[in-house]
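Colleague: Can you walk me through this model? I'd like the sheet and then the salt bridges.

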Amino acid sequence: MRALKLSPEQVHSGSLILVNRDYDYKEPSFALNGNAGTEALSLLDGHPVLLKRRAAVLFTGLMDEIGGWPQIVPVSGYRTLKEQTDIWNRSLAEYGQAFTKAYVALPGHSEHQTGLAIDLGIKKKEIDFLRPDFPDSGICRMFKKKAPQYGFIHRYPSGRENITGINHEPWHFRYVGTPHGEIMEREGLTLEEYIFFLRDFPHGKRPYLFTQGKRPIAVSWLKARRNEGTWLSVDDGLPYSVSGDNVDGFIITEWRDGYVS
């Protein structure tokens, strides 16, 4: 076993951070894996759309599997605070406050600033930047069905507006990593609900168990200690990942030894 010390700032870093109307995005000074907080962003198949490197790799794998490149186009990915502010102001001027609050995240509270969110549209001559056409049929339905296996979730589903604070957006997907996309799909949870659902599975006591293929995976939550930092014990011989939740804790994912028959 190895002991890791997680700093208070690391609560705001990782693929599972919750960014919405209640929790703003805090640009991290460093990432959980020791890389710079401005982790490399990658272009998507030559499109001028950026995602964090890991998210871009998985997105590309998903698109390659379904043969999505000829029909689906990445519309919007990573945005700076200034870009989000400009989009917010243009939407206010053109469409008004009600529309803007329903479809555009407040600057500083946008998932696009994390480099983990992407808007997609059917490839056609004219594409609406704010509300691209992404129907629940054909290649788009195939993408949505496969997305959780690659760590992506449909972020703003219909009927959950009171939870997410954003109207139904069939075009908006968010990278959360594996196996979390599949768990959220199985449990029928939005990211808001998942973050708090995991508090019932405290680290070192009763993890949430998930089987991916035949390999057992344990997911748990650890409350952050704000002042002195948080100590975490991990098995150095097995794969694991740690993500802050951007609220007050960490989500620990451990790929355990052995297989489920």
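Modeller: Definitions to begin with: two strands pair if DSSP finds at least two bridges between them. Helices (H or I, at least four residues) and strands (E, at least two) are DSSP runs, numbered from the N terminus. This is a predicted model, where local features need pLDDT of at least 70, side-chain atom pairs count only at pLDDT 80 or more, and totals for chains, interfaces and linings use all residues. Residues are numbered from 1 along each chain, and side-chain values use heavy atoms, without hydrogens and water.

Colleague: What is the strand order in the open sheet of four strands?

Modeller: The order is 4-5-7-6, with antiparallel pairing. Strand 4 (72–76) and strand 6 (152–156) are at the edges with a single partner strand each, so one side of each has no neighbour in the sheet.

Colleague: How many bridges pair strand 5 and strand 7?

Modeller: Three, between residues 117–122 and 169–175. A117 stands opposite R174 in strand 7.

Colleague: Now salt bridges. How many are found in the whole structure?

Modeller: 15, counting a side-chain nitrogen of Lys or Arg within 4 Å of a carboxyl oxygen of Asp or Glu. One of them joins R199 and D245, at 3.8 Å from N to O.

Colleague: Where do R199 and D245 lie?

Modeller: R199 is in the loop between helix 7 (191–197) and strand 8 (208–212), and D245 in the loop between strand 11 (240–244) and strand 12 (249–255), so the pair ties together parts 46 residues apart in sequence.

Colleague: Is D245 buried or exposed?

Modeller: Buried, at 0% relative accessible area; buried means under 20%, exposed over 50%, partly exposed in between (1.4 Å probe, protein chains only). R199 is partly exposed at 22%.
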